[in-house]
Every structure is written in C-alpha cells, then in structure tokens.
Amino acid sequence: MEKDAALNVMGGRLEPCSTNPMTGFFRDGHCNTCAEDQGSHTVCVVMTAEFLAWSKYVGNDLSTPRPEFRFPGLKPGDRWCLCASRFLQAHDEGCAPQVHLSATHRRATEIVPLPVLMESAVGPV
C-alpha cells in the first residue's frame with residue numbers, strides 16, 4: 001500500500017495526530033491515507049464524551065477496549081484519526097468533535113468541505 005502525499009488540509013506537512021493511543025489507517029500516529037483506506041481515516045479529532053456516546057449509539061463503539069485488535073478504547077481528550085464520513089455525519093447531527101487541521105489529511109476535503117472542518121477547528125491553523 002502506497003501512502004498518499006502527507007499534506008494537511010491547509011497545504012502544509014501533515015502533523016502527527018496521536019501515538020497514545022496509536023492512531024491512523026497505518027497505525028503510524030498520522031492520519032495518512034491511501035487508495036485502500038475505504039473509510040478515509042483522515043480527520044484528526046479530539047474525543048468528547050458526547051461524541052463517544054453518539055458514536056456508540058450509531059453502531060461504532062470507540063470507547064470499549066478491543067485487545068484482539070490492539071485497540072485500547074478511547075476516552076474524552078484522546079486524539080484519533082476519524083473516518084471523514086463519520087465526522088460529517090456527527091457534524092450534521094450537531095455533535096462533531098473538535099478537529100486539529102494541521103493533522104487532518106487533505107483528502108478529508110473530498111468528503112468534508114473545508115469550511116465545515118474549520119468550524120470545528122482547535123489549536124493552530
């Protein structure tokens with residue numbers, strides 16, 4: 001699998017999202033992507049209790065540990081590479097988590113318009 005160029009939505013170098021917990025389609029701490037990443041795990045978000053509860057409610061339990069997948073379970077404050085379509089769905093339903101634009105891959109904008117990502121931006125742009 002060949003990674004796409006590591007550029008963020010602002011056109012700069014893609015910054016790390018999280019190594020604790022380790023995130024990303026490639027589990028490299030970055031929201032890198034490639035053609036095989038059908039979920040587009042490209043949006044670096046900060047988990048909130050509200051978002052985690054909503055995500056579990058819609059069938060994507062991100063808070064329960066799954067050791068068999070080396071997944072520790074997420075808690076509020078954790079940063080994570082979220083699927084772009086899931087972020088857009090959460091935004092449309094009023095419970096989107098905050099976004100680190102410098103760590104969000106530019107391919108996220110193929111699914112989520114940049115102004116929508118910017119509405120939820122936290123930290124340096």
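These legends walk through several close-up views of the structure. The model is predicted, so local features need pLDDT of at least 70 and side-chain atom pairs count only at pLDDT 80 or more, while totals for chains, interfaces and linings use all residues. Residues are numbered from 1 along each chain as its sequence is written, and side-chain values use heavy atoms, with hydrogens and water left out.

**View 1. K3 and D28 form a salt bridge.** A salt bridge here is a side-chain nitrogen of Lys or Arg within 4 Å of a carboxyl oxygen of Asp or Glu. Between K3 and D28 the N to O distance is 2.8 Å. This pair links distant parts of the chain: the two residues lie 25 residues apart, both in the segment before β1 (41–46). K3 is partly exposed, at a relative accessible area of 40%, and D28 is also partly exposed, at 22%. For these words, buried means under 20% relative accessible area, exposed means over 50%, and partly exposed is in between (1.4 Å probe, protein chains only).

**View 2. E68 meets R66 in a salt bridge.** Here the N to O distance is 2.7 Å. E68 is exposed, with a relative accessible area of 52%, whereas R66 is partly exposed, with 37%.

**View 3. K75 and D78 are joined by a salt bridge.** Their side chains meet at 3.1 Å, N to O. D78 is buried, with a relative accessibility of 8%. Elsewhere to look: D4, R107 and E110 belong to one network, joined by salt bridges that share partners. By the salt-bridge rule, the count comes to six.

**View 4. Strand β1 pairs with β2 and with β3.** Strands (E, at least two residues) and helices (H or I, at least four) are DSSP runs, numbered from the N terminus. Two strands pair if DSSP finds at least two bridges between them. With β2 (residues 79–83), β1 pairs in the antiparallel sense over five bridges.

**View 5. Strand β1 is largely enclosed by the rest of the structure.** Why is β1 largely enclosed? Five of its six residues are buried.
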